[in-house]
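Work through the exercises below with the sequence and the 3D structure open. Try each task before reading its solution.

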Amino acid sequence: MSVGGKLIAVANMKGGVGKTTTVVMLAEALAADGARVLVVDLDPQASVSVCLAGDTLLGEMIVRGRTLEAYLALKLITRHKPDLSARIQPGVSLTTHKNAPLALSLLPSGPHLRLVEREILYELTERKFSMHAIDEKLWKVFHDDFVPLARHYDYVFFDCAPGISPITEVAVRAADLVLVTSIPDFLSTYGLNAFVETIWRRSSRQASHIAPKSAPYVLVTRFQAQVRQHQRTLARLQAEARAEDAGFHLLETRIPQAAALADALVPADGAPPTFSAKYGAHVPNVLIPLVAEVKEILHGP
């Protein structure tokens, strides 16, 4: 259970569906709304780390061992007692709002996260942990070390890797809100039911698994209203979300396909951009409605 702030996991079985774009812009939008926000990068591609910190700062943090995988290696492989908070970089966003930097912090990952995840499984298996015991160990580490971060931030985002890695699974189970980003086309939505079945419905059948707090919310991304396949897929998602046995909810806000949003992910050169200049017309049309929806889900109307 989170204390104070809220935990938000952003995930999908498939990559390339706007997950990183969503994390960056929603985190910055909540920070512009006055919240203290932390982004935790659980994706070995480190896309959100690069977008927020830039190559130079991220490279320095990797060299100094100030990354998620360095922490996990010390904690679970060499069995030290590392300090998680020392790996959090405050004030990482260069975007400003009302003449001040956004209150946005980052716990980055680096390119060796997937390797460290594998080594953790090898190490725990060598120490005679069963798969169930490994799940419990990862859950305990997450619950003891990551969940308390919510005491210091209003929102903690977990940018999960595509698929369902052990770390992604514990983040999804602990989150107050799970956002599943998806382009409204056949391939992007194909794995949605498998994702729900694997984590939500399996948990309801197996007492050994801690169930997520609520059904996930699907956020439609890269939406093109003029594309017929997008229209049909969106209509199908709306019908499925209304069904009595629906495995997911559907957010009303749609993230459009827009070059401006893709450009917003590129670290700025020169003077720091303002929030309104960075996102332009998407602030009133997309980000304000999306923030309102997320806040209503987490805090009530």
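**Exercise 1.** How many positive and negative side chains does the chain have, and how far apart do the centres of the two sets lie?

*Solution.* This is a predicted model, where local features need pLDDT of at least 70 and side-chain atom pairs count only at pLDDT 80 or more, while totals for chains, interfaces and linings use all residues. Residues are numbered from 1 along each chain as its sequence is written, and side-chain values use heavy atoms, without hydrogens and water. Step one: count Lys and Arg as positive and Asp and Glu as negative, leaving out His and the chain ends. The chain then has 31 positive and 30 negative side chains. Step two: place each charge at NZ of Lys, CZ of Arg, CG of Asp or CD of Glu. The centres of the two sets lie 2 Å apart.

**Exercise 2.** Is strand E6 mostly covered or mostly open?

*Solution.* Strands are DSSP runs of E with at least two residues, numbered from the N terminus. Buried means under 20% relative accessible area (1.4 Å probe, protein chains only). In E6, residues 155-160, six of six residues are buried. In a regular strand the side chains alternate between the two faces of the sheet. Tyr155, Phe157 and Asp159 are buried on one side of E6, and Val156, Phe158 and Cys160 are buried on the other.

**Exercise 3.** Which strands pair with E6 in the parallel sense?

*Solution.* Pairing requires at least two DSSP bridges between two strands. E1 (residues 6-11) pairs with E6 over five bridges, and Ala9 has Phe158 as its bridge partner. E2 (residues 37-42) pairs with E6 over six bridges, with Val37 opposite Tyr155.

Key:
Buried < 20%, exposed > 50% of the residue type's maximum accessible area, 1.4 Å probe, protein only. Helix = DSSP H or I, 4+ residues; strand = E, 2+ residues; numbered from the N terminus.
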